[in-house]
Amino acid sequence: MGTVVIKIGGSTVDASGLLQELGKSIKEIIHNDFPVIVHGGGKDIARQLDLLNKEFTFVEGMRVTDAQMVNVVQMVLSGDVNKRIVNALLMEKVNTIGFSGVDGGLFTASKMLIKGQDIGFVGEINSVNKEIITFCQQAKLTPVISPVSRGEDGAIYNVNADLAASELAMAIKADDLIFISDVPGVMIDKKVRRSIKTSEIEELISAGHVTGGMIPKLRSAAEAVHKGVKRVHICGWNGSRTLLNELTGGECAGTVIHS
Ligand SMILES: Nc1ncnc2c1ncn2[C@@H]1O[C@H](COP(=O)(O)OP(=O)(O)OP(=O)(O)O)[C@@H](O)[C@H]1O
Ligand SMILES: [Mg+2]
């Protein structure tokens with residue numbers, strides 16, 4: 001029985017039909033694997049911030065997050081988005097429990113600096129309370145996790161969901177880490193690159209081939225590969241067979257990250 005961490009991005013979460021397919025996809029793998037879902041929700045956060053007329057910016061793919069924004073991020077991710085996914089999985093009769101990095105002290109975070117720059121309540125994960133995940137596995141519950149976390153200082157931190165998924169995969173020694181995004185894989189010169197070596201990643205970033213949200217995704221993927229996660233994939237959503245294909249097809253539809 002393998003452990004699979006599946007990170008789903010804001011676009012998958014956004015379309016109701018896709019969440020139904022996700023439920024079916026989880027059902028197909030649950031007999032052989034223990035799936036753990038970590039979700040983002042960039043689209044939903046942007047929509048909510050627009051409603052509040054709040055402008056936002058990113059530094060190296062990380063959202064600059066002030067005190068008011070971290071509340072919005074927590075409401076959107078740990079509330080609306082998390083429960084939407086839980087609801088969709090329950091509709092497909094998958095036993096599910098949703099929580100965030102805050103609950104049970106799953107993730108302890110601290111302020112993340114980007115090249116020495118303070119971008120507000122953006123966190124990196126320092127420790128993972130794995131027992132919560134073990135508990136879910138024993139209870140045959142599929143965890144659905146929002147990356148919002150708490151610091152030892154009592155602050156709430158917005159943690160990029162790719163980072164959270166990778167930290168979790170490393171901590172629970174997952175066999176697979178699959179990033180599902182709104183692109184079919186890592187695109188270089190308008191084509192999906194089938195495989196990327198971890199040693200190439202910083203070059204791809206500095207050459208401008210990889211920008212925005214793909215920067216933290218590739219860096220997180222590389223770290224997971226270095227820390228022993230056996231298979232790390234980045235791909236798009238291809239219907240309810242997506243997860244089964246990624247896990248058993250041998251061939252990944254998107255990009256494989258390897259050392
Ligand atoms: N070389 C690249 N190949 C593919 N996508 C790229 C590349 N460079 C930049 N990107 C951007 O990265 C985006 C994916 O990251 P993004 O953070 O937006 O989504 P996500 O991580 O899947 O979802 P969320 O952030 O909501 O969890 C793509 O939509 C694309 O615009
Ligand atoms: Mg992202």
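Me: What is the relative accessible area of Phe56?
Reply: This is a predicted model: local features need pLDDT of at least 70, side-chain atom pairs count only at pLDDT 80 or more, and totals for chains, interfaces and linings use all residues. Residues are numbered from 1 along each chain as its sequence is written, chains are lettered from A and ligands numbered from 1 in written order, and side-chain values use heavy atoms, leaving out hydrogens and water. Phe56 is partly exposed, a class between buried (under 20%) and exposed (over 50%), with a 1.4 Å probe and protein chains only. Its relative accessible area is 26%.

Me: What is the angle between the planes of Phe121 and Tyr157?
Reply: The structure holds two aromatic pairs. Phe121 and Tyr157 form a tilted one, 6.2 Å centre to centre. Their planes stand apart by 45 degrees.

Me: How many residues surround ligand 1?
Reply: Each has a heavy atom within 4 Å of the ligand. The shell divides into five nonpolar, 10 polar and four charged residues. Among the closest are Ser181, Asp182 and Met187. The count is 19.

Me: How much of the area that ligand 1 exposes alone does the protein bury?
Reply: Oxygen atoms of ligand 1 lie 2.5 Å from a side-chain N or O atom of Lys7 and 2.8 Å from a backbone one of Gly10. Taken alone, ligand 1 exposes 630 Å² (Shrake-Rupley method, 1.4 Å probe). The protein buries 76%.

How values were computed: A polar contact is a pair of N or O atoms within 3.5 Å; within protein, one must be able to donate a hydrogen and the other to accept it, and residues adjacent in sequence count only if both atoms are side-chain atoms. Ala, Val, Leu, Ile, Met, Phe, Trp, Tyr, Cys and Pro count as nonpolar, Asp, Glu, Lys and Arg as charged, and the others, Gly among them, as polar. Rings of Phe, Tyr and Trp (its six-membered ring) pair if their centres lie within 6.5 Å; planes under 30 degrees apart count as stacked, over 60 as edge-to-face and the rest as tilted.
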